[in-house]
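Dear colleague,

I am handing over the structure below, together with some notes on what turned up when I went through it. Please read the notes with the model open beside them.

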Amino acid sequence: MTLIRFEPLRELDSFTNQIERYFNDFSSSFERRAISPSVDVYENENNLVVEIEAPGIKKEDMKITLEDNILTVAGEKKRNINEDENIKCFRAERTFGSFKRSFTLPADVDPDKTKAKFENGVLEITLEKIDVTKTKEKSIELK
């Protein structure tokens, strides 16, 4: 009969590796289902600026709307491989699909003076702020 030396740490390492592999596989498969670009929103004296990282998305596949001080950006990152082709994939980590993000703006903005540019995979939206508290006082005549 052969004696096998018991090493509890080796068993623990094996178990830890199995759990880690399970959760890595689970989280990576979950991440592949959704696409949600990273966003920065900041302001300077006159403008609100929204920057959205959107590498791999074509500007014609994006839509920007502003309604009731809510900015909405929607888009789609399309796969450049035709699914019908006879291909053999060795690794697929990039995400593809549609997204839609909406932001309630922290200040009132002038929709007519909103500008957007898309350069190097970053969408930059500049919204000119308006100050609603500086409305002119109007006297109303009593009859």
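To begin with a side-chain detail, Lys77 lies over the face of Phe96, at 5.6 Å from the ring centre; a charge is taken to sit over a ring if NZ of Lys or CZ of Arg is within 6 Å of the ring centre and within 35 degrees of the ring normal. The structure holds zero aromatic pairs, where rings of Phe, Tyr and Trp (its six-membered ring) pair if their centres lie within 6.5 Å, with planes under 30 degrees apart counted as stacked, over 60 as edge-to-face and the rest as tilted.

Some conventions and the confidence come next. This is a predicted model, in which local features need pLDDT of at least 70 and side-chain atom pairs count only at pLDDT 80 or more, while totals for chains, interfaces and linings use all residues. Residues are numbered from 1 along each chain as its sequence is written, and side-chain values use heavy atoms, with hydrogens and water left out. The mean pLDDT (the predictor's confidence in each residue, from 0 to 100) is 82 for the protein, and 79% of its residues reach 70 or more. Confidence is lowest in helix α1 (residues 8–33), at a mean of 65, and highest in strand β7 (residues 122–128), at 96. Where pLDDT is low, the predicted coordinates should not be read in detail.

As for the overall layout, the protein has one helix and seven strands, where helices (H or I, at least four residues) and strands (E, at least two) are DSSP runs numbered from the N terminus. From that terminus on, the elements run α-β-β-β-β-β-β-β. Of the 143 residues in the protein, 20% are buried; buried means under 20% relative accessible area, exposed over 50%, and partly exposed in between, with a 1.4 Å probe and protein chains only. Among contacts (heavy atoms within 4.5 Å) with a separation of 6 or more, residues 24 or more positions apart account for 55%.

Leaving aside neighbours within four places in sequence, Leu71 is in contact with residues including Val50, Ile64, Phe103, Ile125 and Leu127.

Thr72, in strand β4 (residues 70–77), counts as buried because its relative accessibility is 13%. The side chains of Thr72 and Ser102 are joined by a polar contact of 2.9 Å, that is, a pair of N or O atoms within 3.5 Å, of which, within protein, one must be able to donate a hydrogen and the other to accept it, and residues adjacent in sequence count only if both atoms are side-chain atoms. Lys63, found in strand β3 (residues 62–67), is exposed, with a relative accessible area of 56%. Lys63 and Glu76 are 13 residues apart in sequence and 9.5 Å apart in space, C-alpha to C-alpha.

Finally, two loop residues deserve a mention. Asp68, in the loop between β3 and β4, has a positive phi of about 50 degrees although it is not a glycine, and Asn120, in the loop between β6 (115–119) and β7, has a phi near 55 degrees.

With best regards
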